[in-house]
Amino acid sequence: MNILLIVSGGIAAYKAIDLSSSLIKKENNVKVILTNNAKKFVTELPFQTLTKNRVYSDTFDEVNEKEIQHIDLGKWADKIIIAPATANIISKMANGIADDLATSLILAVKDSSKVYIVPAMNTNMYTNLIIQENIKKLSNLGFNFIEPDFGLLACGDIGRGKFPDIQKILQCVFSEEKKINKKILVTAGPTKEFIDPFRCITNPSSGKMGIAIAEAFAKRGAEVLLITGVNYVPINKNIKIIKIVNTHDMFEAVKNNFSEYDIVIKAAAVSDYTPVVTYDKKVKKQNGNLTMEFKRTEDILKYVGENKKDKQVVVGFAAETHNILEYAKEKIIKKHLDYIVANDISKEGIGFASDNNEVYIIDKFENIKKIDMTSKENIAQELVNILE
């Protein structure tokens, strides 16, 4: 495989030498671009020695008059790894700046899904809202991010921002080579139970977790059906959408489709109750209190669990505020699940509407895997690895 390694100017640039060595050992053909700032930390010689290819750095240094470096290198590469990716290069990529060979090349890459970005920087820089927005922007455009590790940084701080383990990088980059030939049904986001045309019962779910799961499976070649009330336009052609509004809509969509799918993952946060009476006109304000009667909605997860076929796998989610493991294990039994993903929605910085989460993945034999706080994309990838 042809791998283009782009090294930007951070203290972790020296670790890119080990990364290039590991890529060569996996029998890849590797070429390297060093940014001008990277050359202040490492030289061209070790990369050239390891890869047996010339190292590129200057946009205007066209060695072969028949080639345009920033175009042809991008076409040549099957995969592009940016490691380390500094706050500077991430921000330039997110805003379309092309002031050197590396950023010019990225703008000329047609398929962003073959680009893997490995951030490494001070934890305050990494968690800065500007950088996080730029990461989110690039992720939405189809770029892959490999989250940095948590640990002691070169500056002496302790936090997230450390260059990740090389085996973790290799696993993420090459995981897509193991195609998943399965059909996956995923539900995501909240439902809305309307009282009148202007008011509804809902919850703060953003659908980010379910969408991340759908995208993670789709990247591995699975055929995905995403049933959601969230306004989401998939980039990956392997994802098909059924748009719903309320719990009954979702129930009907799941009931009519789930038997065709190998794995059903119900990550949506649905309403347990819906108004007995709904109004086609706005309910006007009255003196005193207003009492409304609610009825139970269909239990979608229980229906799927009770009606699944022999080899179907059903995964539920449990958003709890206390007794998380106890309630999650009860839910596995009551709803005939194979796995459940449980999290504590009372914790700050995770859960509903957040980009991060902290979960327990529990199977029907009560094996438990805890995943400490990380991005929902990383949790989705871990779930894919388990279900694979």
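Not counting residues up to four places away in sequence, Gln 48 touches Asn 53, Arg 54 and Val 55. The exercises below concern a predicted model.

**Exercise 1.** Determine in which helix Gln 48 has its place, and decide whether Gln 48 is buried, partly exposed or exposed.

*Solution.* Begin with the secondary structure, where Gln 48 is found in helix α2. Next, take the relative accessible area of Gln 48, which is 38%. Buried means under 20% and exposed means over 50%, with partly exposed in between, and Gln 48 is therefore partly exposed.

**Exercise 2.** Work out how the axes of helix α1 and helix α2 are oriented to each other, and list the residues that make the contact.

*Solution.* Start from the geometry: the axes of α1 (residues 15-25) and α2 (residues 44-51) come within 9 Å and cross at roughly 5 degrees. Angles under 35 degrees count as roughly parallel, and α1 and α2 are therefore roughly parallel to each other. On the side of α1, the contact is made by Ala 16, Ile 17, Ser 20, Ser 21 and Ile 24, while α2 contributes Pro 46, Phe 47, Leu 50 and Thr 51.

**Exercise 3.** State how far apart Gln 48 and Asp 111 are, both in sequence and in space.

*Solution.* Along the sequence, Gln 48 and Asp 111 are 63 residues apart. In space, taken from C-alpha to C-alpha, Gln 48 and Asp 111 are 27 Å apart.

Note on methods: Residues numbered from 1 in each chain as written. Predicted model: local features only at pLDDT ≥ 70, side-chain atom pairs only at ≥ 80, totals over all residues. Heavy atoms only, no water. Axes fitted to C-alpha atoms, helices over the stretch in contact; angles between N-to-C directions. Helix = DSSP H or I, 4+ residues; strand = E, 2+ residues; numbered from the N terminus. Parallel < 35°, antiparallel > 145°, perpendicular 65-115°, else oblique. Contact = heavy atoms within 4.5 Å. Buried < 20%, exposed > 50% of the residue type's maximum accessible area, 1.4 Å probe, protein only.
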